[in-house]
Amino acid sequence: MAAGRLPPGALTLKQFLRRQQVLQLYRKILRAIREVPAEQDRRYLKDWAREEFRRNKDATEEDAIRMMITQGNMQLQELQRTLKLAKS
């Protein structure tokens with residue numbers, strides 16, 4: 001393979017970094033869900049999160065991916081706030 005050539009199907013640096021952002025968000029959401037006290041609610045939220053990420057796994061448009069990451073972070077913050085209020 002010549003220098004500077006990527007194999008077919010390889011991610012660009014931008015795609016790789018965006019993928020890392022998505023995986024990090026997914027892990028954060030799953031960690032937050034572990035804090036939910038009710039088993040049934042935990043199961044529901046876990047299934048919801050998995051389905052959302054699975055449904056959008058083939059997204060390729062950069063703006064759409066950024067928007068989904070932003071929405072995911074807002075939903076994570078809302079869940080964390082709700083859990084914090086429930087504990088107090």
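Student: Which side chains are joined by the polar contact of 2.5 Å?

Tutor: In this predicted model, the side chains of Arg-18 and Gln-21 are joined by that polar contact of 2.5 Å. Arg-18 belongs to helix α1, and a second polar contact, of 2.6 Å, links the side chain of Arg-18 to that of Glu-62, a residue of helix α3.

Student: Is Arg-18 buried or exposed?

Tutor: The term buried applies under 20% relative accessible area, and Arg-18, with a relative accessible area of 16%, is therefore buried. Glu-62 has a relative accessibility of 22% and so counts as partly exposed.

Student: Beyond its neighbours within four places in sequence, which residues is Arg-18 in contact with?

Tutor: With those neighbours left aside, Arg-18 is in contact with Glu-62, Ile-65, Arg-66 and Ile-69.

Student: How far is Glu-62 from Thr-82, which lies 20 residues apart from it along the chain?

Tutor: The C-alpha atoms of Glu-62 and Thr-82 are separated by 30 Å.

Student: How should I read the packing of helix α1 and helix α2?

Tutor: Two packed helices are described by the angle between their axes together with the distance between those axes. Here helix α1, residues 13–33, and helix α2, residues 39–55, pack at an angle of about 170°, and their axes lie 10 Å apart. Angles over 145 degrees count as roughly antiparallel, and α1 and α2 are therefore roughly antiparallel to each other.

Student: Which residues of α1 and α2 meet, and how do they divide by class?

Tutor: On the α1 side the residues are Val-22, Leu-25, Tyr-26, Ile-29, Leu-30 and Ile-33, and these meet Arg-42, Leu-45, Lys-46, Ala-49, Arg-50 and Phe-53 of α2. By class, this contact of α1 with α2 has nine nonpolar and three charged residues, with no polar ones.

Student: What makes up the largest nonpolar core?

Tutor: That core has ten residues in all, namely Leu-25, Ile-29, Leu-30, Ala-32, Ile-33, Val-36, Ala-49, Leu-76, Leu-79 and Leu-83. The elements giving two or more residues to this core are α1 and α3, the latter spanning 62–87, and the largest share, five residues, comes from α1.

Student: Which contacts does Ile-33 make when its neighbours within four places in sequence are left aside?

Tutor: Ile-33, one of the residues of that core, is then in contact with Arg-42, Leu-45, Lys-46, Ala-49 and Leu-79.

How values were computed: Residues are numbered from 1 along each chain as its sequence is written. This is a predicted model: local features need pLDDT of at least 70, side-chain atom pairs count only at pLDDT 80 or more; totals for chains, interfaces and linings use all residues. Side-chain values use heavy atoms; hydrogens and water are left out. Axes are lines fitted to C-alpha atoms, for helices over the stretch in contact, and angles run from 0 to 180 degrees between N-to-C directions. Helices (H or I, at least four residues) and strands (E, at least two) are DSSP runs, numbered from the N terminus. Angles under 35 degrees count as roughly parallel, over 145 as roughly antiparallel, 65 to 115 as roughly perpendicular and the rest as oblique. Contact means heavy atoms within 4.5 Å. Ala, Val, Leu, Ile, Met, Phe, Trp, Tyr, Cys and Pro count as nonpolar, Asp, Glu, Lys and Arg as charged, and the others, Gly among them, as polar. A nonpolar core is a set of buried Ala, Val, Leu, Ile, Met, Phe, Trp, Tyr and Cys residues joined through side-chain atoms within 4.5 Å. Buried means under 20% relative accessible area, exposed over 50%, partly exposed in between (1.4 Å probe, protein chains only). A polar contact is a pair of N or O atoms within 3.5 Å; within protein, one must be able to donate a hydrogen and the other to accept it, and residues adjacent in sequence count only if both atoms are side-chain atoms.
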